[in-house]
Amino acid sequence: NFQNNPDERTAVEQFGKDDKYFGVCILMVTMPGLPMFGHGQIEGFTEIYGMEYRRAYFDEQPDQYLIERHQREIFPLLHKRYLFADVEHFLFYDFNTAGGVDENVFAFSNRVGDERALVVYHNAFNTTHGWVRNSVSYLRKTGQGDERMLMQKNLGAGLGLHTGAAHWTLFRDHISGLEYLRSSQELYEKGLYVELEAFKYQVWLDFREVEDTTGQYTRLAAHLNGRGVPSIDRSLHELLLQPIHQPFRELANGGMWQWLLDHRLKHLEAPLPEAVLAEFEKKMLLLLNAIKHMAGLTGDAPSIAQQACHALEVMLCLPVLQHHLDVADSTEDDAAVKYLTSRLYDDHLTWGALFGWLDVYALGQISTAAEPVLQSRQWIDEWLLGSILVDALRNIGVDATASERAVILIKLLTTHQYWFKDLETPEAQHKRLTQLLEDHDVQNWLGVNTFEGVRYFNKESFEQLLWWLFVTAVITTTAHPQEPPSVLDTGVIALHRQLQQWLRASERSEYQLDAVLTRDQGTTAL
């Protein structure tokens, strides 16, 4: 019921501040009975407080790490005391190892209605592994007066699970947050296999059973092979998406992107290897055919793969593209060329984002959707392609935060890949800018925030966005099979002019979102 009181040494002196303390503390808060915390225990104080004390004699400061770990591991369990407080369904289990029962392992379960919990703690300075299978014997009335008899239950019965082979049990480890999948029949017959290092513990909650009528949970269990995952439901979804994920990973992975990065044209006279383009086109075609097969579509996969290959050709020529531009010798043309290369950094983040966008921007064209661009964007989320893109970025050295942000960029560039269409009038230009700034992905990228009732967006992020819109527009407008990528269409100059107008409009609005959206369409800024 308690780890220290005014007549004993403090908890921090007895158990320290690491796993042993928290393991014992978890036993205290998950067993029947009233758990009691000593004064200063959560803060890690070392002074023993007598009942007659009116004030502290030691000048001690709360241990913030200890407090935060209580908040993370202990306090949520205290909110579930209803699950642990009663004894009707409480069972204590032996922990069976190859050498017999390990008495240093405390294992017990409890339940209320359909809500269940299983707690395991290893109270020794070594590593152990074994099975939580059968409860220790306990007395139960026979129904004949006061007569009692010793009984045992296995883990499946203790948790109130089904015995059928088609039932699977899902549960979550409170400490790691990972979810696990086990056969309910196996929990009855073998129990639960557990590995624990010194003074480690696991608290399994959120038990739920599913009946596997299609075999999908059986396949997922074989795929996971006992390991925990952040979400069983997500993992099941990913398993169903394997026919698409496998070819997509062939395109979007660190090795492939690094290979493409190594073959950018850095010298004017260097040729672009045909093998690079052919390999990309082959993998893109495999992905498109997989999408066709899974979704029952009839799109022209070879044509789309060839289009993406031409886009890659332009992309790999970007470092030397300015030397091949067929533009007039004017100040405006020179500005467009300089703008194109101004943010084309020789880094993995920039090129990883370009390759990631290339891998997804044209996928929707394989469908019969009225707006293929929106189909491409939808599939990124629906098919969990964003997580694969994050992994690919991480594998080429981009940190986690930047990788997540790059995927936001890839999504919005996919949605607005044709932003430059139909901009002949100021009204059309304002409408397109409005569509852009009202997009959730764009607002996320721009860091839109509200201060004193006014919505603002980040200046640097907006400038970055305009450049990304420009460079992807250059790629898509010059990637034509009938024309070499060294030709920059004069329309690209108009794109640069348009983006500069939007940039001036944002400056005049002082980066107030609503001021840009409601600006008079007839002003010269737009």
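Predicted model: local features only at pLDDT ≥ 70, side-chain atom pairs only at ≥ 80, totals over all residues.
Residues are numbered from 1 along each chain as its sequence is written, and side-chain values use heavy atoms, with hydrogens and water left out.

Rolling a probe the size of a water molecule over the atoms shows where empty space is left. On a 1 Å grid over the protein atoms alone, a pocket is an open set of points with protein on both sides within 12 Å along at least five of seven lines, a cavity is a set where a 1.4 Å probe fits but cannot get out, and lining residues have an atom within 4 Å of a point. Grid points are joined across faces, edges and corners, and a volume is the space filled by probe spheres set on the points.

The largest pocket holds about 440 Å³ of space and is lined by 23 residues, with Y180, R182, L192, Y193 and G226 lying nearest its centre. Strands β8 (167–173), β9 (179–183), β10 (192–196) and β11 (201–211) each supply at least two lining residues, and β10 gives the largest share, five residues; strands (E, at least two residues) and helices (H or I, at least four) are DSSP runs numbered from the N terminus. This lining has 13 nonpolar, four polar and six charged residues, where Ala, Val, Leu, Ile, Met, Phe, Trp, Tyr, Cys and Pro count as nonpolar, Asp, Glu, Lys and Arg as charged, and the others, Gly among them, as polar.

In the second largest pocket, with about 320 Å³ of space, 16 residues form the lining, and E371, V373, T415, H416 and Y418 lie nearest the centre. Helix α15 (372–382) gives the most to this lining, three residues.

The structure also holds one cavity of 30 Å³ or more, lined by N4, T10, A11, V12, H39, G40, Q41 and F45.

Turning to helix packing, the axes of α14 (residues 348–360) and α16 (residues 385–395) come within 10 Å and cross at roughly 150°, the axes being lines fitted to C-alpha atoms over the stretch in contact and the angles running from 0 to 180 degrees between N-to-C directions. That makes α14 roughly antiparallel to α16, a term for angles over 145 degrees. In their contact (heavy atoms within 4.5 Å), G352, A353, G356 and V360 of α14 meet L385, L389 and L393 of α16, and these residues divide into five nonpolar, two polar and no charged.

Definitions and conventions
Parallel < 35°, antiparallel > 145°, perpendicular 65-115°, else oblique.
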